[in-house]
Every structure is written in structure tokens, then in C-alpha cells.
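Reader: I am new to this structure and would like to go through some of its charged residues with you. Could we take them one at a time?

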Amino acid sequence: MADPAVEIDAGGQTVRVSNPERELFPKTKRTAPVTKLQVVEYYLAVGPGVMRALRERPTTLERWPRGVHPGVILSTREKGGGDAFFQKRIPRGAPPYVETARIQFPSGRYADEICPTEIAVVAWAAQMGTITFHPWPVRRADVDHPDELRIDLDPQPGTDFADAVSMAATARELLDELGYAGFPKTSGGRGVHIYVRIEPRWTFTDVRHAAIAFGRELERRRPGEVTTKWWKEERGERVFVDYNQNARDRTIASAYSVRPKPGATVSAPVTWDELPDVAPEDFTVASMPARFMAVGDPHEAIDDAAFSLEPLLELYEAQGSDDMPYPPDYPKMPGEPKRVQPSRDRDRPK
């Protein structure tokens with residue numbers, strides 16, 4: 001028999017949580033089991049922080065209604081039919097306080113995505129089994145001009161979180177030289193994300209080019225340790241700068257989002273000074289509320305200033321303005337080089 005539903009207050013709205021004791025994360029050697037109600041309560045506990053990351057942003061929901069258990073499969077662009085899935089359109093029966101924003105995919109199709117305006121929207125989504133929130137880098141007032149540059153440092157096999165942290169230190173030096181304020185966070189896994197607020201004057205293509213320029217400059221400064229190579233067979237044991245996370249319809253787990261990892265880790269904003277001393281598993285649904293109460297949100301000042309993208313776009317031009325491949329599910333994009341895996345490129349020079 002299902003557990004009786006409970007009602008909780010979420011910023012003045014009443015949210016009904018069905019099956020509150022459903023176990024979404026099994027216990028591990030380090031952590032206790034995590035229930036659906038605990039996930040909802042977690043998001044309420046870090047409400048100001050998660051709303052800073054989501055407010056007015058079109059947001060894709062990553063839903064795990066059966067929980068994050070062995071054998072539960074996440075549907076992807078390449079393979080559907082899983083028990084967990086990404087939801088890009090507002091579900092039917094959403095409460096009236098759930099607002100939307102209309103976004104356009106690279107294919108030209110449109111969708112009305114949820115657009116959080118209050119913490120009740122986050123709680124309602126969590127009660128539906130949403131584990132992770134994936135906001136677009138735009139606000140709904142202007143969905144075609146990003147206000148956020150996202151630097152995704154993704155350790156490849158043979159590297160780990162410590163390598164991403166080391167690369168983040170070099171990224172910080174570059175940001176300082178550019179005059180940018182960067183805000184780091186753990187990915188909730190092995191990576192590090194750095195966000196920079198930018199003026200919403202440039203297209204997705206421009207922001208993606210800026211990320212390419214940033215990654216190429218890291219390659220110049222740390223040869224052999226970092227790469228912008230899109231094809232996995234070319235990356236080697238290096239930290240990958242995933243510039244395509246700045247392409248239209250590509251998103252990153254928000255600050256404070258729970259990740260579908262053992263122990264219910266979360267994507268945790270941190271200060272630059274503490275980044276070298278933390279580990280991804282330090283930040284979980286169980287531990288983050290106390291941290292948030294004690295230190296607040298390290299990203300609290302992220303909206304205080306927005307920066308010009310011109311320095312990075314000038315660097316992109318100085319580097320030769322050679323574009324890089326888009327993900328395989330995208331239509332052929334203007335200026336994009338031939339999109340073919342190097343080992344299968346018959347025209348590639350030997």
C-alpha cells in the first residue's frame with residue numbers, strides 16, 4: 001500500500017507530496033536512504049540558492065519517478081524507453097502557479113518549458129520525481145540571448161576531480177585577466193563548472209565561440225592536460241572543456257541540483273578558496289541544508305555584474321576563428337567543419 005500523501009508549505013503555496021516515503025536513493029556505506037519527501041524538503045531548505053539558479057529560466061526536468069536504483073535506465077537523445085527521462089514540455093495538470101517560457105530547438109520546433117518563478121514550482125517538480133533541474137542560460141524575457149557563459153571542465157578516463165580542480169585554478173587566472181568574475185561549483189560528479197554572467201547581447205553561437213576561445217587558451221597554457229577535442233577518441237587522459245554546453249538546447253545541472261549518483265550528491269556552489277579542499281561526495285541532500293544555513297550561498301553575488309563577451313570573441317578571432325563540431329543530433333550549422341569521427345574520415349590526411 002502506498003504511503004499516505006502529505007501536504008507541505010512551499011513559500012506560501014501548498015504542495016501535495018504523494019508516496020512521501022518512497023525511497024529514491026538507496027543507502028550506501030556513507031549515506032542513509034533518501035526518500036521523495038527528503039528531496040522535496042532539501043530543495044525547500046536551499047530555496048534561495050536554487051531559485052537564484054533557476055528564476056525566470058526555461059528549465060528541463062530530469063525525472064526519476066522510480067528512484068535512482070540499479071537497473072533504472074535514463075532515456076537519452078540516442079536511446080529512449082528508459083524509466084527515467086528528460087521532460088522539456090510542461091506536464092499536463094500542472095498547478096496554476098507553474099509558469100512557462102517558449103523556447104526554440106535547433107530543429108526549429110518550439111516547446112513551452114517550465115520557468116520557475118517561486119520555490120513552490122521546484123517543490124512541485126521534485127514531488128513528481130524530478131532529481132535534477134537543467135536551466136537554459138537565458139531568461140524568459142529574451143530567450144535568444146544568453147546571460148551566462150558556462151565553462152564545463154569534464155575529466156576524461158584517466159583523470160579525476162583533482163585534475164578538474166587544478167584546471168579550474170588556471171581558468172580562474174584567465175578569468176581574472178579578462179576582468180570576469182567566475183563562480184565555481186562542483187558538478188555533483190567528477191567535474192567542475194564555472195559560471196560567468198554576461199550581458200544578454202550575443203547569440204548562442206557567439207557564446208559558444210567564446211567558450212571555444214576560452215578552452216583553446218587553456219590548451220595553450222596547459223598543453224597535454226586539457227583538450228577541446230569533441231571526438232572522444234582524440235581527447236586522451238585530459239580534462240575536456242565541453243564548449244558545446246553553450247550551444248542552444250544544451251544545459252548543465254543547476255547549482256544545488258541533486259544528481260542521480262550514489263548518496264544523492266548535489267551540484268554545490270563553492271568559493272574559489274575552498275575548491276581545492278572539497279570532494280564531490282562532501283555535498284549531499286543530507287549535508288547541504290546545514291552548510292547552506294551556516295555559510296549561505298557562495299553564488300549570492302553572481303547577479304551583481306554582467307560582463308562583455310568582446311574580449312573572448314576577439315580572442316576567438318585571433319586564434320583563427322575556426323569553428324568546432326556540434327553534437328550529432330544538431331542540424332548542420334553555419335561555419336561548422338565536417339562532422340565526422342576522425343577514425344572514419346576517409347578524407348582526413350594520414
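Reader: Are Arg 208 and Asp 323 buried or exposed?

Author: This is a predicted model, and in it the side chains of Arg 208 and Asp 323 meet in a salt bridge, at 2.7 Å from N to O. Arg 208 lies in helix α5 and Asp 323 in the segment after α8, so the pair ties together parts that are 115 residues apart in sequence. As for their accessibility, Arg 208 and Asp 323 are both buried.

Reader: What is the relative accessible area of Arg 197?

Author: The side chain of Arg 197 meets that of Asp 303 in a salt bridge of 2.6 Å, N to O. The pair links distant parts of the chain, with Arg 197 in strand β12 and Asp 303 in the loop between α7 and α8. Asp 303 counts as partly exposed at 41% relative accessibility, whereas Arg 197 is buried, because buried means under 20% and its relative accessible area is 4%.

Reader: Which side chain makes a polar contact with that of Lys 185?

Author: Lys 185, in strand β11, is buried yet has no salt bridge, and the nearest side chain of opposite charge, Asp 152, is 8.2 Å away. The side chain of Lys 185 does reach the backbone oxygen of Ala 253, at 2.8 Å. A polar contact of 2.6 Å also joins the side chain of Lys 185 to that of Ser 267.

Reader: How many salt bridges does the structure hold?

Author: One of them joins Arg 102 and Asp 112, with the closest N and O atoms 2.9 Å apart. There is also a network of salt bridges, with Arg 57, Arg 139 and Asp 147 among its linked residues. For the structure, the number of salt bridges is 23.

Notes: Residues numbered from 1 in each chain as written. Predicted model: local features only at pLDDT ≥ 70, side-chain atom pairs only at ≥ 80, totals over all residues. Heavy atoms only, no water. Helix = DSSP H or I, 4+ residues; strand = E, 2+ residues; numbered from the N terminus. Buried < 20%, exposed > 50% of the residue type's maximum accessible area, 1.4 Å probe, protein only. Lys, Arg positive; Asp, Glu negative; His and termini not counted. Salt bridge = Lys/Arg side-chain N within 4 Å of Asp/Glu carboxyl O. Polar contact = N/O pair within 3.5 Å; in protein donor to acceptor, adjacent residues only side chain to side chain.
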